[in-house]
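Please examine the sequence and the model before reading each solution.

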Amino acid sequence: MKKDFRIITNNPLVREKLGQDYQVEFYECSYEDVLEKVKDEVYRGCKLLTHPLSGSVKPNETPYKSVMVSISAGKTDLMGIEIIERAIASCGKFEFKSDQYAPQVYEDFRLIDYTLISSALPSADAW
């Protein structure tokens with residue numbers, strides 16, 4: 001069965017663990033750049049399927065983000081546009097800290113992001 005969603009991410013753990021079973025678009029870019037890529041897709045007519053600020057880790061505190069969007073483009077998702085625009089704006093409200101951690105902390109951030117996006121998969125698989 002073809003899935004009508006894809007994951008846009010900068011998290012190599014998401015690509016490694018989910019890339020065989022799901023469409024994962026991996027980019028070597030910043031957290032905010034991932035949100036910009038998601039914004040481009042939402043403006044193109046794709047539906048935002050997971051919240052871009054999911055979890056309790058603030059933007060710019062973690063370097064990793066994964067967001068699920070539809071593959072198919074359709075009618076403009078006005079709520080999705082508002083959500084992604086606010087998420088991008090919120091990045092500017094927080095001090096950039098994601099370059100100040102010890103190497104093992106990045107592993108933790110990759111795992112947190114992977115766990116968050118993985119928790120959305122059962123619902124997405126049911127569509």
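**Exercise 1.** State which residues line the largest cavity, and describe this lining by class and by element.

*Solution.* Step 1: the largest cavity is lined by Tyr-31, Ser-54, Gly-55, Ser-56, Val-57, Thr-62, Tyr-64, Lys-65, Phe-109, Ile-112, Asp-113 and Leu-116. On a 1 Å grid over the protein atoms alone, a cavity is a set of points where a 1.4 Å probe fits but cannot get out, and lining residues have an atom within 4 Å of a point.

The model is predicted: local features need pLDDT of at least 70, side-chain atom pairs count only at pLDDT 80 or more, and totals for chains, interfaces and linings use all residues. Residues are numbered from 1 along each chain as its sequence is written, and side-chain values use heavy atoms, with hydrogens and water left out.

Step 1: sorted by class, the lining holds six nonpolar, four polar and two charged residues. Here Ala, Val, Leu, Ile, Met, Phe, Trp, Tyr, Cys and Pro count as nonpolar, Asp, Glu, Lys and Arg as charged, and the others, Gly among them, as polar.

Step 2: helix H4 (residues 103-126) contributes the most to this lining, with four residues. Helices (H or I, at least four residues) and strands (E, at least two) are DSSP runs, numbered from the N terminus.

**Exercise 2.** Determine how much space lies in the largest cavity, and how many cavities of 30 Å³ or more are counted.

*Solution.* The largest cavity holds about 80 Å³ of space, a volume being the space filled by probe spheres set on grid points that are joined across faces, edges and corners. The count is one cavity of 30 Å³ or more.

**Exercise 3.** Identify the salt-bridge partners of Arg-6 and where they lie.

*Solution.* Step 1: a salt bridge is a side-chain nitrogen of Lys or Arg within 4 Å of a carboxyl oxygen of Asp or Glu; five are counted.

Step 1: Arg-6 pairs with Glu-25 at 2.7 Å, N to O. Arg-6 is in strand E1 (residues 5-9) and Glu-25 in strand E2 (residues 24-26), 19 residues apart.

Step 2: Glu-41 also forms a salt bridge with Arg-6, with the closest N and O atoms 2.5 Å apart. Because Glu-41 lies in helix H2 (residues 31-44) and Arg-6 in strand E1, this pair ties together parts 35 residues apart in sequence.

Step 3: Arg-6 and Glu-25 are both buried (under 20% relative accessible area; exposed is over 50%, partly exposed in between; 1.4 Å probe, protein chains only). Glu-41 is buried as well.

Key: 1 Å grid on protein atoms, 1.4 Å probe; cavity = no way out; pocket = protein on both sides within 12 Å on 5 of 7 lines; lining within 4 Å.
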